[in-house]
Every structure is written in C-alpha cells, then in structure tokens.
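Dear colleague,

I am handing over a structure for you to look through, and below it I have written out what was found. Please keep the picture open while you read.

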Amino acid sequence: MSISAKHLRELIAPGEGEAIEFKTRTTHPSRISRTLASLANTRGGHVLVGIDDKGRVVGVRDADEERYLLLQAAQHYVEPPLSLRIDEVEDDNRTVLVVAVPESTRKPHKALVGEDDWRGYIRVGAASVQTSALTEKVLKHEPPASQFERIPLTRHEQAALDYVREHPRLTLGQYEKLINVSKRRAHRMLIKLVLHGYLRYHDKEKEPYYTRG
C-alpha cells in the first residue's frame with residue numbers, strides 16, 4: 001500500500017524525534033547508515049528524504065539515486081544488514097522518499113563510519129547516539145517492544161519505576177542511595193528492568209541514566 005501525501009504530512013507534523021528523521025538528501029551511505037542502525041536498534045521509525053530540518057517539503061532531485069544510496073547503506077554499511085521499505089510520495093510536484101525502518105529482531109546493528117570502523121547507535125530523542133559496550137549488551141538480549149515479557153517486581157524494582165514517574169531520569173548512584181543496596185546489586189536490578197522493557201537506558205551524557213520504558 002503506497003503512502004499518500006496526507007499520510008506524509010501526518011508523519012512530518014510532530015517534527016523530528018525518536019522515530020522520525022528528516023533528510024534533504026542522502027549525502028553518503030556511511031552517514032545515513034548511522035540513522036538506519038539507530039532506528040533499527042531502538043523502536044524503528046521513518047527517514048523522510050526530501051524534507052528539510054524545519055519540516056518543509058523540498059523534494060529530491062533524483063529519486064532513483066537516493067533509493068540506490070539508501071539500499072547500499074542498509075545492505076553494505078549496516079551489520080547485520082537491514083531490509084527497508086521505500087515509498088515515493090508526490091507532494092506539491094516534489095518527490096519525497098519515505099523510508100520505513102522496522103525495529104530489528106537482530107540487535108545490535110552497527111554502522112560503518114570509516115575504514116573497518118563499525119559503531120553502534122541508538123535513538124535518543126531526535127539524535128542518533130553512539131552506544132557503549134553496556135548498551136550493546138542490553139540490545140543483544142532485548143526482545144522487540146512487542147515481545148517484552150512483563151514480570152512481577154520486587155519493592156526495590158518498583159521503587160525505580162515510582163522514581164522515574166516523578167523525575168525525568170534516574171542514575172545508578174541515585175538508585176543505589178534510594179534503595180540502600182550495593183552498587184553492583186543496584187546495577188543488576190536496573191539492567192533487569194531495561195531488559196524487560198520497564199526502563200530505558202541512555203548513555204548520551206557523561207553519566208548514564210534511565211528513563212521510563
């Protein structure tokens with residue numbers, strides 16, 4: 001089923017975010033590969049090629065060339081390779097490519113950013129952020145969102161969820177003090193909550209933190 005101009009406008013309206021990326025064009029497979037890998041590693045989403053940073057439809061000059069570069073990126077610049085769905089949408093006589101990137105069942109994916117330089121990325125807000133070794137370990141064992149297994153929680157685990165409902169983020173140090181246990185035990189409980197979809201792990205800043213799942 002092809003995407004209509006109306007659906008395109010609905011995708012554009014909220015602006016860039018965790019599941020939406022705007023691109024005026026695909027400059028090189030290595031650059032777009034970071035975005036593709038980050039979406040597949042997170043919750044999936046769309047890349048809209050032919051849309052500027054302000055959400056304006058500018059269109060692409062050569063849709064076939066853009067499609068070729070996107071497929072090259074997905075197949076040869078992301079490991080494991082990705083399968084994309086690419087739709088061409090006409091809006092005001094301009095062509096936009098709507099690239100659907102499903103959440104992967106083969107995480108973690110890495111992007112080729114230089115010669116023999118493969119790096120992992122996840123989406124944090126509207127940015128593709130490089131992962132740490134811990135994030136990649138979590139991704140490797142994390143099922144897709146639709147397959148999360150919800151589990152009974154202990155009072156210490158529930159305390160973490162109560163905290164992130166009232167605060168924007170929770171760090172390991174804060175959690176350690178909150179439940180008065182060792183750092184190792186606190187860390188193990190937080191990772192358990194991430195693996196089962198209750199929390200999300202972020203390493204965008206100097207000190208990693210957790211938010212609501």
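A helix here is a DSSP run of H or I that covers at least four residues, and helices are numbered from the N terminus. Please bear in mind from the start that this is a predicted model.

Of the 213 residues in the protein, 49% are buried. If you take the contacts between residues at least 6 apart in sequence, you will find that 65% of them join residues at least 24 apart. The protein exposes about 11,500 Å², and 46% of that area is supplied by carbon and sulfur atoms.

Turning to charge, there are 34 positive and 30 negative side chains in the protein, with the centres of the two sets lying 7 Å apart. Which residues gather in a patch of positive charge on the surface? They are Arg155, Arg184, Arg185 and Arg188, and helix α7, which covers residues 183-195, gives the most to this positive patch, namely three residues.

Arg155, for its part, is found in helix α5, which runs over residues 155-166. Is Arg155 buried or exposed? Arg155 counts as exposed because its relative accessible area is 67%, and the cut-off for exposed is over 50%.

With best wishes

Technical notes: Residues are numbered from 1 along each chain as its sequence is written. This is a predicted model: local features need pLDDT of at least 70, side-chain atom pairs count only at pLDDT 80 or more; totals for chains, interfaces and linings use all residues. Side-chain values use heavy atoms; hydrogens and water are left out. Buried means under 20% relative accessible area, exposed over 50%, partly exposed in between (1.4 Å probe, protein chains only). Contact means heavy atoms within 4.5 Å. Accessible areas come from the Shrake-Rupley method with a 1.4 Å probe; for residues, only the protein chains shown count as cover. Lys and Arg count as positive and Asp and Glu as negative; His and the chain ends are not counted. The place of a charge is taken as NZ of Lys, CZ of Arg, CG of Asp or CD of Glu. Patches are made of residues with over 30% relative accessible area and no salt bridge: like charges are joined within 9 Å, nonpolar side chains (Val, Leu, Ile, Met, Phe, Trp, Tyr) within 5 Å. A salt bridge is a side-chain nitrogen of Lys or Arg within 4 Å of a carboxyl oxygen of Asp or Glu. Helices (H or I, at least four residues) and strands (E, at least two) are DSSP runs, numbered from the N terminus.
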